[in-house]
Amino acid sequence: MLNVTRVRKTFASVTAVDDVSLNVRRGEILGLLGPNGAGKTTIIRMILNIIPCDAGTISFDGREFSEDTRDIIGYLPEERGLYRKSKVLNTILYFARLKGIEADDAKRRGYKWLERFDLLTSFERRIDELSKGNQQKVQFIISVLHDPQLVILDEPFSGLDPVNQVVLKDTLMELKQQGKAIILSTHQMDQAEKLCDRICLIDRGKVVLDGSISGVRNRYGRNTLHIEFSGDASFIPGLPWVKTAHLYENSAEIELNDHEGVSTILRELAGRLEVTKFETSFPSLNAIFLNLVSGAPGTNAGKEGAG
């Protein structure tokens with residue numbers, strides 16, 4: 001569907017995107033990940049032809065961007081771009097008309113999506129009367145109402161409560177099953193890990209990791225411990241068997257130097273914490289992300305070569 005090949009973009013003396021390649025096929029979700037300022041938004045804007053790339057190519061089914069291409073893309077920006085004084089249904093119908101959808105068809109589709117996202121009773125309310133989460137739902141509806149073939153979502157879960165996150169997740173899976181190509185840009189690593197087939201991790205304008213979720217996790221081995229506990233775990237990063245440790249309120253993800261430390265560290269932890277859960281597993285995508293973008297010792301960027 002979409003092929004981005006060795007694109008580059010420079011603003012003044014800053015190279016925002018440097019030799020980046022990625023692709024997304026129909027019926028899959030690609031996670032476009034990276035810290036703030038990594039170059040993700042610039043890549044998206046080049047895909048949308050909002051700004052030109054300085055080098056490289058972007059093609060859609062082998063063709064360059066055209067006005068016809070614009071109508072097969074759905075885009076949810078991170079920044080809300082709605083007319084705040086406009087009513088919900090009028091806003092949806094306005095954007096639908098921009099995509100060439102006839103008024104009656106647009107209204108039918110609009111009511112269907114409003115019902116799905118529990119907004120049907122709000123169709124006459126003004127945008128600025130809605131909560132941030134409901135504004136986000138309206139903006140998502142606008143991005144998919146015209147049945148696009150490529151859907152680009154920049155932080156789609158922003159402002160959504162857990163219930164509506166599930167509704168959105170289910171919707172994305174349905175779009176995937178319908179054969180849509182989806183790019184998901186998010187800082188929520190748990191959502192990316194659950195939803196994405198492949199990831200492309202960008203840092204400082206360069207691709208530092210790409211491949212399937214399973215391939216990426218396999219590459220980083222099974223020398224990772226997940227523990228849940230009560231007590232003060234601040235001592236864990238200083239243990240001799242620990243390579244890196246990501247500590248949370250009552251849990252931790254620990255990468256060991258080798259497998260021999262597992263039984264030893266369990267005894268150490270049990271002697272100083274009340275451990276309620278202890279398991280060896282693959283590292284989470286969040287831990288891999290933190291290690292790569294923070295330059296943690298002993299971590300290496302890599303490619304799976306998954307196309």
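Q: Which side chain of opposite charge is nearest to D154, and how far away is it?
A: This is a predicted model, and in it D154 sits in strand β6, residues 150-154. D154 is buried yet has no salt bridge. A salt bridge would need a side-chain nitrogen within 4 Å of a carboxyl oxygen, and the nearest side chain of opposite charge is K40, at 6.6 Å.

Q: Are the rings of Y94 and F95 stacked or edge-to-face?
A: The structure holds 6 aromatic pairs. For Y94 and F95, the ring centres are 5.3 Å apart and the planes sit at 80°. Planes over 60 degrees apart get the second label, so this pair is edge-to-face.

Q: How do Y94 and F95 count in terms of accessibility?
A: Y94 has 40% relative accessibility, and F95 has 22%. Buried would need under 20% and exposed over 50%, so Y94 counts as partly exposed and F95 counts as partly exposed.

Q: How many residues apart in sequence are the parts that W113 and F140 tie together?
A: The W113 and F140 rings have their centres 6.2 Å apart and their planes at 75°, so they make an edge-to-face pair. W113 belongs to helix α4 (residues 103-116) and F140 to helix α5 (residues 132-144), so the pair ties together parts that are apart in sequence by 27 residues.

Q: Are W113 and F140 buried or exposed?
A: W113 has a relative accessible area of 13%, and F140 has 2% relative accessibility. The cut-off is under 20%, so W113 is buried and F140 counts as buried.

Q: Which residue lies over the face of F235?
A: Look 3.8 Å from the ring centre of F235. Lying over the face there is R272.

Q: Which residue in the turn between β1 and β2 has a positive phi?
A: β1 and strand β2 (residues 14-24) pair antiparallel over 8 bridges, with K9 partnered by V17 in β2. The two strands form a hairpin with 2 residues between them, and the turn residue with a positive phi, about 55°, is A12.

Notes:
Residues numbered from 1 in each chain as written. Predicted model: local features only at pLDDT ≥ 70, side-chain atom pairs only at ≥ 80, totals over all residues. Heavy atoms only, no water. Phe/Tyr/Trp six-rings, centres within 6.5 Å; stacked < 30°, edge-to-face > 60°. Buried < 20%, exposed > 50% of the residue type's maximum accessible area, 1.4 Å probe, protein only. Helix = DSSP H or I, 4+ residues; strand = E, 2+ residues; numbered from the N terminus. Lys NZ or Arg CZ within 6 Å of the ring centre and 35° of its normal. Lys, Arg positive; Asp, Glu negative; His and termini not counted. Pairing = 2+ DSSP bridges.
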